[in-house]
Amino acid sequence: MIQTETLAPPPTHPSPSPLRWWRRLHEETLGGAIFAPRPFLANVLLALLPEGTLSVLRTGVYRHVWGIRVGSGAVIMGRLAFASAHLAAQNVQIGSRAVLNARVFIDAAAPVNIGDGASIGHDALLITTDHAIGLPEFRAAERFEKPVTVGAGAWIAAGAKILPGRTVGAGAVVAAGAVVTKDVAENTLVAGVPARKVRDL
Ligand SMILES: CC(C)(COP(=O)(O)OP(=O)(O)OC[C@H]1O[C@@H](n2cnc3c(N)ncnc32)[C@H](O)[C@@H]1OP(=O)(O)O)[C@@H](O)C(=O)NCCC(=O)NCCS
């Protein structure tokens, strides 16, 4: 006789108690994730600025209203997209003369340092959050964060993705659409998925 194995029932998650809901709401609001006043005000002002122009004003809003450390002569050409936006003032540093194009995504959960004179193309992603690979029913398990560094003068081209913990060396170029899974040496061009060295610069 063929023995059929009884499947275990799917895991059940207890519905959160009202107290847990309240704690969660408190963390996400009064804890700063939603109602942090400076990012809130900055976002109101940024929404009024048309993309691709008024870069001096936009950069000033990020620097003076939001409180992000933005060096002198840096230019932010379009609206940035943040994860953990309430940590951006604490964790994000943009060097002097750096240029950030529109829709650069910065995950501010851990330090993100963009060096002096670095350029970040539009739709590039600087990602600091990762997850341990968990059980099949919930693969994106324990969350952890690692910093991202873009060295002085480096160019991260459009749509490139820098993964948590990675450093792009000074003077390096990351070609459009590349996914950086390992540190990039100074003054090298990398391209592809995963990013591989194309040549020295
Ligand atoms: C990297 C880049 C600058 C070209 O540099 P380059 O020194 O002229 O390089 P080449 O065109 O000679 O290409 C060298 C090799 O890299 C490859 N390569 C270049 N760009 C690539 C990319 N984005 N993805 C994958 N491979 C790429 C080429 O196919 C070539 O491979 P091969 O030697 O096997 O033929 C350019 O391809 C690029 O990605 N530009 C970014 C454009 C952009 O994002 N603009 C927005 C403004 S911020």
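**View 1. The largest nonpolar core.** Of the 46 residues in the largest nonpolar core, the ones touching the most other members are A108, I156, I162, V168, V174 and V180. Here a nonpolar core means buried Ala, Val, Leu, Ile, Met, Phe, Trp, Tyr and Cys residues joined through C-beta atoms within 7 Å, and buried means 20 or more other C-beta atoms within 10 Å of a residue's own, with C-beta atoms placed from the backbone. Several elements give two or more residues to this core, including β4 (92–94), β7 (112–114) and α3 (55–66). The largest share, three residues, comes from α3. Helices (H or I, at least four residues) and strands (E, at least two) are DSSP runs, numbered from the N terminus.

This is a predicted model, where local features need pLDDT of at least 70, side-chain atom pairs count only at pLDDT 80 or more, and totals for chains, interfaces and linings use all residues. Residues are numbered from 1 along each chain as its sequence is written.

**View 2. A look at the open sheet.** Five strands line up in the order β1-β4-β7-β12-β15, with parallel pairing; strands pair if DSSP finds at least two bridges between them. At the edges sit β1 (69–70) and β15 (167–168), each pairing on one side only. Zoom in on β4 and β7 and you'll find three bridges in the parallel sense. I94 stands opposite I114 in β7.

**View 3. Around the ligand.** Among the residues around the ligand are N101, G121, A157, V173 and L189, each with its C-beta atom, placed from the backbone, within 6 Å of the ligand.

Terms used:
A residue is buried if 20 or more other C-beta atoms lie within 10 Å of its own, exposed if 12 or fewer, and partly exposed in between; C-beta atoms are placed from the backbone.
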